[in-house]
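I opened this entry to record what I looked up, one item at a time.

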Amino acid sequence: MPAFRVLLLLACCGLAACAAPRAPQGLVMPAPQEAQAANLLAGYLLGRGWQVHVTDETLVTAERGPERLQLEPLLDPAGLDRVMVWRSWPAAPGADAAALEDFALELNQVLNVGQFQAGSGDLRLLSSLAFLDALDPQLLEAFLEFTAQVRLAVEQVEGERNLLAPVEGGGSSR
């Protein structure tokens with residue numbers, strides 16, 4: 001009988017361990033401290049070779065070669081957290097601002113990867129990465145790579161219009 005009790009106690013401990021919440025892995029984002037989360041993102045990107053600046057307390061601007069990113073954590077202590085990501089590509093020298101704006105609208109209709117906007121001298125992609133409590137660095141890296149690869153789809157839609165300058169190790173903008 002004592003052996004049965006020991007086995008039952010061990011089984012209960014094992015079940016309790018399985019049911020216990022696991023500690024978050026990765027970049028733990030301290031909701032609702034978005035300024036602190038921005039500093040965590042900045043430190044992470046800095047360690048990955050990006051030149052980083054934190055502006056407006058919660059906006060991280062990062063550059064690596066011709067790549068340009070802006071990241072802003074939006075943390076909800078009672079729900080889904082996310083990082084808003086803007087990736088921008090410079091317009092080609094002499095590109096018509098109205099044509100760039102029309103191009104952004106066309107991209108929004110053709111591609112379903114985020115929100116495209118024409119800025120002063122650039123094209124921007126706005127997207128977001130959702131997570132709960134902790135941001136997995138591998139997921140962040142994959143997401144940033146995905147936003148970089150969007151450029152290939154943008155170039156296909158651009159065709160021969162020559163609206164964007166060459167960036168990110170690619171050829172000239174068609």
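**Entry 1: model**
I am working from a predicted model.

**Entry 2: α2 against α4**
I started with two helices, α2 (residues 34-47) and α4 (residues 137-158). I asked at what angle their axes cross. The axes come within 12 Å and cross at roughly 70 degrees. Since the range for roughly perpendicular is 65 to 115 degrees, α2 is roughly perpendicular to α4.

Next I listed who meets whom. From α2 I noted Leu41, Tyr44 and Leu45. They meet Pro137, Leu140, Glu141 and Leu144 of α4. I sorted the residues of this contact by type: six are nonpolar, none is polar and one is charged.

**Entry 3: glutamate 141**
Glutamate 141 is partly exposed at 30% relative accessible area. Arginine 48 is partly exposed as well, at 42%.

**Entry 4: other salt bridges**
How many salt bridges does the structure hold? I have six.

I looked at arginine 64 and glutamate 67. Their closest N and O atoms are 3.5 Å apart, and they form a salt bridge. Arginine 64 is partly exposed, with 33% relative accessible area. Glutamate 67 is buried, with 15%. I also found that Arg64, Glu67 and Arg87 are linked in a network of salt bridges.

Then I went back to helix α4 for glutamate 155 and arginine 151. The two are four residues apart there, about one turn of the helix. They form a salt bridge, with the closest N and O atoms 3.0 Å apart. Are these residues buried or exposed? Glutamate 155 counts as buried at 11% relative accessibility. Arginine 151 counts as buried at 3%.

**Entry 5: aspartate 122**
I wanted a charged residue without a partner. Aspartate 122 is buried yet has no salt bridge. It lies in strand β7 (residues 122-131). Which side chain of opposite charge is nearest to aspartate 122? I found arginine 124, 4.7 Å away.

I then listed the contacts of aspartate 122, leaving aside neighbours within four places in sequence. They are Ser88, Trp89, Pro90, Ala91, Leu100 and Gln117.

**Entry 6: serine 127**
I stayed in strand β7 for serine 127. Serine 127 is buried, with a relative accessible area of 13%. Neighbours within four places again left aside, I noted contacts with Val83, Met84, Val85, Val113 and Phe143.

**Entry 7: glutamine 138**
Last, I returned to helix α4 for glutamine 138. Is glutamine 138 buried or exposed? At 64% relative accessibility, glutamine 138 counts as exposed. I also took its C-alpha separation from glycine 26, which is 8.8 Å. Along the chain, glutamine 138 and glycine 26 are 112 residues apart.

Methods: Residues numbered from 1 in each chain as written. Predicted model: local features only at pLDDT ≥ 70, side-chain atom pairs only at ≥ 80, totals over all residues. Heavy atoms only, no water. Buried < 20%, exposed > 50% of the residue type's maximum accessible area, 1.4 Å probe, protein only. Lys, Arg positive; Asp, Glu negative; His and termini not counted. Salt bridge = Lys/Arg side-chain N within 4 Å of Asp/Glu carboxyl O. Contact = heavy atoms within 4.5 Å. Axes fitted to C-alpha atoms, helices over the stretch in contact; angles between N-to-C directions. Parallel < 35°, antiparallel > 145°, perpendicular 65-115°, else oblique. Nonpolar A, V, L, I, M, F, W, Y, C, P; charged D, E, K, R; others polar.
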